[in-house]
Amino acid sequence: MHYFIPKRCQPTNKVMYHDRVQARIAADKIFCENGTELWTYQCEFCGTWHLTHHDPQEAVARTKLSRLHKPRSRKRGYKPRQR
């Protein structure tokens, strides 16, 4: 008996999908079977499409909020200068 073994991305070890449509079909199938919502994204390493549990819109909002804070020194005993 032959089993289909999907190709995997070397750096991320995630299943590689040829295009966004195939990745979206796989995500919909997983949602119907398990009830798990997945999103698609294009990998920066291999250029194919992968699935993720993290909503990309939340990730963009989170990075914008983190840039609003002033960078602080991690030096032990550091006290900011009083002006």
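A contact here means heavy atoms within 4.5 Å. Among the contacts in the protein chain between residues at least 6 apart in sequence, 38% join residues at least 24 apart. The model is predicted: local features need pLDDT of at least 70, side-chain atom pairs count only at pLDDT 80 or more, and totals for chains, interfaces and linings use all residues. Residues are numbered from 1 along each chain as its sequence is written, and side-chain values use heavy atoms, with hydrogens and water left out.

The protein chain holds 2 helices and 2 strands, in the order α-β-β-α along the sequence. Helices (H or I, at least four residues) and strands (E, at least two) are DSSP runs, numbered from the N terminus. Of the 83 residues in the protein chain, 18% are buried. Buried stands for under 20% relative accessible area, exposed for over 50%, and partly exposed for what lies in between (1.4 Å probe, protein chains only).

The segment before H1 contains Asn13. Asn13 has a positive phi of about 60°, although it is not a glycine. Most residues other than glycine have a negative phi. With a relative accessibility of 52%, Asn13 counts as exposed.

Helix H1 covers residues 20-34. From its first C-alpha to its last, H1 reaches 21 Å with 15 residues, close to the 21 Å expected at 1.5 Å a residue; the expected span is 1.5 Å times one less than the number of residues. Ala23, Ala26 and Ala27 are buried in H1. Seen down the axis of H1, its buried residues fall within an arc of 100°, so they line one face of the helix. The arc is that of the directions from the helix axis to the C-beta atoms. An α-helix has 3.6 residues a turn, so residues three or four places apart point the same way. The buried residues of H1 pack against S1 and S2, while Val21, Ile25, Lys29 and Cys32 are exposed on the other side of the helix. After H1 comes Gly35, with a positive phi near 80°.

A salt bridge is a side-chain nitrogen of Lys or Arg within 4 Å of a carboxyl oxygen of Asp or Glu, and a search of the whole structure finds 1. Asp28 is partly exposed at 37% relative accessibility, and Arg24 is partly exposed at 33%.

Strand S1 (residues 39-42) runs antiparallel to S2, and 4 bridges join them; two strands pair if DSSP finds at least two bridges between them. Within this pair, Gln42 stands opposite Trp49 of S2. S1 and S2 form a hairpin with 6 residues between them, and Gly47 in the turn has a positive phi of about 85°.

His50 belongs to strand S2 (residues 49-52). Is His50 buried or exposed? His50 is buried, because its relative accessible area is 0%.
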